[in-house]
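The following exercises are to be worked through with the sequence and the three-dimensional model side by side. Each task is followed by a solution in steps.

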Amino acid sequence: YYIEYFDYFMNQKNSLGLSSCFMDLDDPVELFKIWMSEAEKKEINDPNALSLATTNNKNEPRVRMVLLKGLNQKGFVFYTNLDSPKSSDIKKNPKAEMCFHWKSLQRQIRIFGSIIKVSDKEADEYFNSRPYESRIGAWASDQSKVMNKREDFLKKIDEFKNKFKDKNNVPRPKNWSGWCLDPSSIEFWLGDEYRIHERLKYNKVLNKWKKEILYP
C-alpha cells in the first residue's frame with residue numbers, strides 16, 4: 001500500500017504537466033520559499049549558497065559564491081564590502097543573476113533582476129546579528145585587494161579587536177552593506193537521470209508573473 005501511495009504521489013503532475021513539486025502557484029517567490037525549505041532539510045552545508053553573476057566595466061562576466069541572508073517584498077538580499085569587485089560591478093551595471101543548485105534534490109533556481117542597496121537600518125540590524133569575529137573581520141579585510149602576507153591581515157584583526165573590545169558595540173563599517181536583487185525572471189529546474197529535465201520559468205510582465213515551460 002505504502003509503495004503504491006509513494007509511486008502515486010511521485011507521479012502526480014501540476015496543471016502544466018510538470019512534476020507536482022512545481023505546484024500551481026502564481027507567485028514564484030512563494031515557490032522559492034517552499035523549495036528552499038526542502039533544501040534546508042536535505043543539503044548538508046549552506047543551502048542558502050548561491051552563485052552571483054555580474055559584469056565589469058568591460059562587459060566581462062564574473063561569478064562567485066555568496067550567501068542569501070534575507071528575502072523580503074523587495075527581493076533577495078546578500079551582504080558584502082561595498083568596495084569589492086562585485087559591488088563595483090553592481091554600481092556600474094545594476095543587473096545580475098543568482099543561481100541556487102541543490103544536488104541532493106536535483107533542483108536549481110535561477111533569478112535575474114535589478115539590484116539596489118539595502119537601507120542603513122536593515123544593514124545595521126543584520127551586521128549586529130553577526131558573530132563578533134565576523135564583525136571584526138569586516139573592519140580588517142580590504143576585500144579582494146592584494147595582501148603582502150597573511151600575517152598583515154591577522155595583525156589588523158588584533159588591532160580592531162583592541163579598538164572594539166566591547167563585543168556588543170561594534171559599529172558597521174560605512175563600506176559594508178547589503179544588496180537586494182528585485183527579480184524580473186525566476187526559473188525552476190528539476191533534473192532527470194536521462195536529461196529529460198523539467199523547467200518552469202516565471203517572467204514579470206507589467207508587474208504580473210507569467211509562466212512558461214522550457215525544453216531541457
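**Exercise 1. Pairing at the end of the chain**

Which residue in E8 stands opposite tryptophan 189?

Solution. The model under study is a predicted one.
- Step 1. Locate the strands: E7 covers residues 176-190 and E8 covers residues 198-205.
- Step 2. These two strands run antiparallel and are joined by six bridges.
- Step 3. Within this pairing, the residue opposite tryptophan 189 is arginine 199.
- Step 4. Continue to E9, residues 208-214, which is antiparallel to E8 and joined to it by seven bridges. Here valine 205 has lysine 208 as its bridge partner.
- Step 5. Examine the turn: two residues separate E8 and E9 in this hairpin, and leucine 206 in the turn shows a positive phi of about 55°.

**Exercise 2. The surroundings of E4**

Determine which strands pair with E4, and state whether the residues of E4 are buried or exposed.

Solution. 
- Step 1. E3, residues 70-71, runs antiparallel to E4, with two bridges between them. Leucine 71 is found opposite phenylalanine 76 of E4.
- Step 2. The hairpin of E3 and E4 has four residues between the strands, and glycine 75 in its turn has a positive phi of about 150°.
- Step 3. E4 is also joined to E7, by six bridges, and these strands run antiparallel. In this pairing, phenylalanine 78 has tryptophan 179 of E7 as its bridge partner.
- Step 4. As for burial, six of the six residues of E4 are buried.

**Exercise 3. The largest pocket**

Describe the lining of the largest pocket by position, element and class.

Solution. 
- Step 1. The largest pocket has a volume of about 390 Å³.
- Step 2. Its lining comprises 17 residues, and Tyr79, Thr80, Arg130, Gln143 and Trp176 lie nearest the centre.
- Step 3. Strand E2 (61-67), E4 and helix H5 (132-140) each give two or more residues to the lining. E4 gives the most, with four residues.
- Step 4. Sorted by class, the lining has eight nonpolar, six polar and three charged residues.

**Exercise 4. One residue and the whole chain**

Why does lysine 121 count as exposed?

Solution. 
- Step 1. Lysine 121 is located in helix H4, residues 120-129.
- Step 2. The cut-off for exposed is over 50% relative accessible area.
- Step 3. Lysine 121 counts as exposed because its relative accessibility is 59%.
- Step 4. Lysine 121 and tyrosine 215 are 94 residues apart in sequence, and their C-alpha atoms are 43 Å apart in space.

Conventions: Residues are numbered from 1 along each chain as its sequence is written. This is a predicted model: local features need pLDDT of at least 70, side-chain atom pairs count only at pLDDT 80 or more; totals for chains, interfaces and linings use all residues. Side-chain values use heavy atoms; hydrogens and water are left out. Two strands pair if DSSP finds at least two bridges between them. On a 1 Å grid over the protein atoms alone, a cavity is a set of points where a 1.4 Å probe fits but cannot get out, and a pocket is an open set with protein on both sides within 12 Å along at least five of seven lines; lining residues have an atom within 4 Å of a point. Grid points are joined across faces, edges and corners, and a volume is the space filled by probe spheres set on the points. Ala, Val, Leu, Ile, Met, Phe, Trp, Tyr, Cys and Pro count as nonpolar, Asp, Glu, Lys and Arg as charged, and the others, Gly among them, as polar. Buried means under 20% relative accessible area, exposed over 50%, partly exposed in between (1.4 Å probe, protein chains only).
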